[in-house]
Amino acid sequence: MGLLRWFTKNWANTHEPTHPDLAPVVVPMDPAAAAELVKKAVATLPRWKVESEAANELKLTRRTPTVGFTDDVTVTIKAAGPGAMIHAKHVVIDERLAI
């Protein structure tokens, strides 16, 4: 399906095989440091925001540039051997917008 997939799907998940080229990321640091790394990365991205954080989970939003839709992304961080595994899931906030 290639590039067309990104224009016709409004969801993604590294927990489940939604896209064969998406996978969780393993980083060589503890989960707390990995969460800080994700927050620093989000702070550098236009229209992205950390909405909330809890143990092992960050809730992020991204506003689309043209229409201003909000994309909701949940990042889960768990210990994985000597490091941390970062999972991400995008869901549609307004189900009426799902394609």
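Modeller: Leaving aside residues up to four places away in sequence, Val73 touches Trp48, Leu58, Lys59, Leu60, Ala88, Lys89 and His90; contact here means heavy atoms within 4.5 Å. This is a predicted model, in which local features need pLDDT of at least 70 and side-chain atom pairs count only at pLDDT 80 or more, while totals for chains, interfaces and linings use all residues. Residues are numbered from 1 along each chain as its sequence is written, and side-chain values use heavy atoms, with hydrogens and water left out.

Val73 is in E5, where it is the bridge partner of Leu60. Strand E4 covers residues 57–63 and strand E5 covers residues 70–80, and the two pair in the antiparallel sense over seven bridges. Two strands pair if DSSP finds at least two bridges between them. Strands (E, at least two residues) and helices (H or I, at least four residues) are DSSP runs, numbered from the N terminus. Six residues lie between the strands of this hairpin, and Gly68 takes a positive phi near 85°.

Val73 and Leu60 also belong to the largest nonpolar core, which has twelve residues, including Leu58, Val75 and Ile77. A nonpolar core is a set of buried Ala, Val, Leu, Ile, Met, Phe, Trp, Tyr and Cys residues joined through side-chain atoms within 4.5 Å. Buried means under 20% relative accessible area, exposed means over 50%, and partly exposed is in between (1.4 Å probe, protein chains only). H2, E4, E5 and strand E6 (83–92) each supply at least two residues of the core, and the largest share, four residues, comes from H2. In soluble globular proteins, nonpolar side chains tend to be buried together.

Thr61 is also in strand E4. Thr61 counts as buried because its relative accessibility is 12%. Its side chain makes a polar contact with the side chain of Glu51 at 2.7 Å. A polar contact is a pair of N or O atoms within 3.5 Å; within protein, one must be able to donate a hydrogen and the other to accept it, and residues adjacent in sequence count only if both atoms are side-chain atoms. Among the residues that Thr61 touches, not counting those up to four places away in sequence, are Trp48, Thr70 and Asp71.

Asp71 forms a salt bridge with Arg62, with the closest N and O atoms 3.3 Å apart. A salt bridge is a side-chain nitrogen of Lys or Arg within 4 Å of a carboxyl oxygen of Asp or Glu. Side chains of opposite charge can pair when their charged atoms come close. Asp71 counts as buried because its relative accessibility is 15%, whereas Arg62, at 23%, counts as partly exposed. Lys59 and Glu57 meet in another salt bridge, at 3.7 Å from N to O. Lys59 is partly exposed at 30% relative accessibility, and Glu57 is partly exposed at 29%.

The structure holds four salt bridges. One of them joins the side chains of Lys39 and Glu53 (2.9 Å, N to O). This pair links distant parts of the chain, Lys39 in helix H2 (residues 31–43) and Glu53 in strand E3 (residues 48–54), 14 residues apart.
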